[in-house]
Amino acid sequence: MSPQPKFVIKNLSFYYGGKRAIHDLSLDIAANEILSVIGPANSGVTTLLRALNRLGDLVPGARMEGEILMDGKSVYDPDVSVTELRRKIGMVFEVPTPLPMSIFDNVAYGPRLIGKANGKSVAESVERVLRKAALWDDVKDRLKTPAMSLSGGQQQRLCFARVLALDPEVVLLDRPCSGLDPISTAKIEESLSQLKEQYTIVVAPHNVQQAARISDRVAFMLTGSLIEENRNVEIFSRPKDQRTSDYVTGRFG
Amino acid sequence: MRISPRAGERIVKVLIWAAAMLVMAVLVFIVAYILAKGLHVIDWRFLASAPSNMGRSGGISTTIIGTLMVTVTAVVIAAPLGIGTAFYLAEYTRENFVTKIIRFSAESLAGIPSIVYGLFGLIFFVVYLDMRWSVLSGGLTLALMILPTVIRTSEEAIKAVPYIYREVSFSLGATKWQTIIKAVFPSALRGIANGILLSVGRCIAETAAVILTAGSTLRMPTSLFSPTRTMAVHFYILAREGISMENAYGTAALLIILIFLINVVANTLINRFVAKSR
Ligand SMILES: Nc1ncnc2c1ncn2[C@@H]1O[C@H](COP(=O)(O)OP(=O)(O)OP(=O)(O)O)[C@@H](O)[C@H]1O
Ligand SMILES: [Mg+2]
């Protein structure tokens, strides 16, 4: 494990109004690894992911306690720009979310926000990230067509490419494969394992098997608390906590 | 006697169909009647020459220009104000006292008869601000009249844009303003444009409010400060004073054609834009 973790989360609690969704959670996330955060419904997995890129800020009445450090610096530090932070921490949502514009414009959305609009270099980086997301061959002849015309799996790979176009350091994926066909799922999983050299990846897998396939480390959450975090093999072969063991063996979920 | 569900279904279907047909029939009848009475009056000379002898003879060119000037003035003023207000209400504030006041005012204003706007325009723009009967007075008055509609339809269109588009845009590093311009506005455009179109129609068709604020002269308007007579007012005066039913129907037919044309052209433009941004 690399010396300095990408994220250090210290005593994080997250509230929606009066309701607590995360309870005193501490966790280090190493750089260039794939961390899966697993847990049954309403464990707070999505809330945790959205706290990292400060998307949780947008929810009216939401409140956070504790600290999240990225590269040693609080994400709430006054001289951290939230737009810059979000560019460094890309996010793929649970449902495919193409914006109502062309395939090309979707991918170029992020780069254009910071004025990287000159034709050739944008076109090149669009191609590069579409290749990384295993979508280039599907769409290279119809970049100008609406993104909505793609299949669900293609849309999700497009969203993945759109995040890669930000040239992020971290990629968050919230159940990116729920509702996708097996082929798209396999393609996304494959690109993930290739990409961890470059990125830190935090994923909420859509089931325990997926977590076992793709992750270096696994964190198990239950009703807002972190129960256990460990290397992939440890979690699945020698869980320390009975609840982890029950969950990964499918006794509840 | 009891009716079987299947029979009930059929009866309801027939009733609904009949209602729709009735509405269609009334509409078609009105349009057909006016076009039948007025279409033959319309030719190039009618469009291009000024009215003479109170409108008994000659064309209606000055009233066409007057209508366009007043309507454009109203829309140019009301559209940015109304769309801006709608974005403020929908994106920049939570529900609070101020938004409630704004929304309540807009809703109340929407229910006021147009003649009341005319009276207000007469007292405030024409007399108090000394803008006289003019294109500007008329345009400002109509702007006030359509503002509530523009606000409400725009706000609805903005709120109909899925919330996730905003989240996606933010998650890609956009600022609030970038999100509004690049992700929300294009998706809301069709709804916003529909509200504006509706308002254009109302401006073109308005009589009471314009007759009190823009006047009813038949001279060609040459600036924002000239008085003018719109087509709807012209039609009203021709019919009301019994000057020329013939020319009144001609004017009415042209009004219908104009509104139809504006709708077709605007929809084509919007479709093209939306197709490009989709
Ligand atoms: N925007 C919100 N407003 C209020 N409560 C919320 C909001 N989002 C989540 N919650 C609540 O916070 C808790 C954790 O939700 P979260 O979505 O983080 O869980 P999750 O582990 O991602 O669940 P799921 O398996 O359903 O995706 C839940 O009880 C949920 O009801
Ligand atoms: Mg979730």
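A crossing counts as left-handed when the near helix is turned anticlockwise from the far one by less than a right angle, and as right-handed when it is clockwise. The views below come from a predicted model, where local features need pLDDT of at least 70, side-chain atom pairs count only at pLDDT 80 or more, and totals for chains, interfaces and linings use all residues. Residues are numbered from 1 along each chain as its sequence is written, while chains are lettered from A and ligands numbered from 1 in the order in which they are written.

**View 1. Helices α6 and α8 of chain B cross right-handed.** Helices here are DSSP runs (H or I, at least four residues; strands are E, at least two), numbered from the N terminus. The axes, lines fitted to C-alpha atoms over the stretch in contact, of α6(B) (135-159) and α8(B) (176-205) come within 8 Å and cross at roughly 155 degrees. That makes the pair roughly antiparallel (angles over 145 degrees). Contact means C-beta atoms, placed from the backbone, within 7 Å; among the residues making it are Leu142(B) and Ile146(B) of α6(B), and Val184(B) and Ala188(B) of α8(B).

**View 2. Chain A meets chain B.** Chain A puts 20 residues into this contact and chain B puts in 17. On chain A's side, α2 (82-88) and α3 (103-113) each give two or more residues, with α2(A) supplying the largest share, 4 residues.

**View 3. The shell around ligand 1.** Tyr16(A), Lys19(A) and Asn42(A) are among the residues around ligand 1 (C-beta, placed from the backbone, within 6 Å). Strand β2 (19-29) and helix α1 (45-52) of chain A each supply at least two shell residues, and α1(A) gives the most, with 3.

Conventions: Axes are lines fitted to C-alpha atoms, for helices over the stretch in contact, and angles run from 0 to 180 degrees between N-to-C directions. Angles under 35 degrees count as roughly parallel, over 145 as roughly antiparallel, 65 to 115 as roughly perpendicular and the rest as oblique. Two residues are in contact if their C-beta atoms, placed from the backbone, lie within 7 Å.
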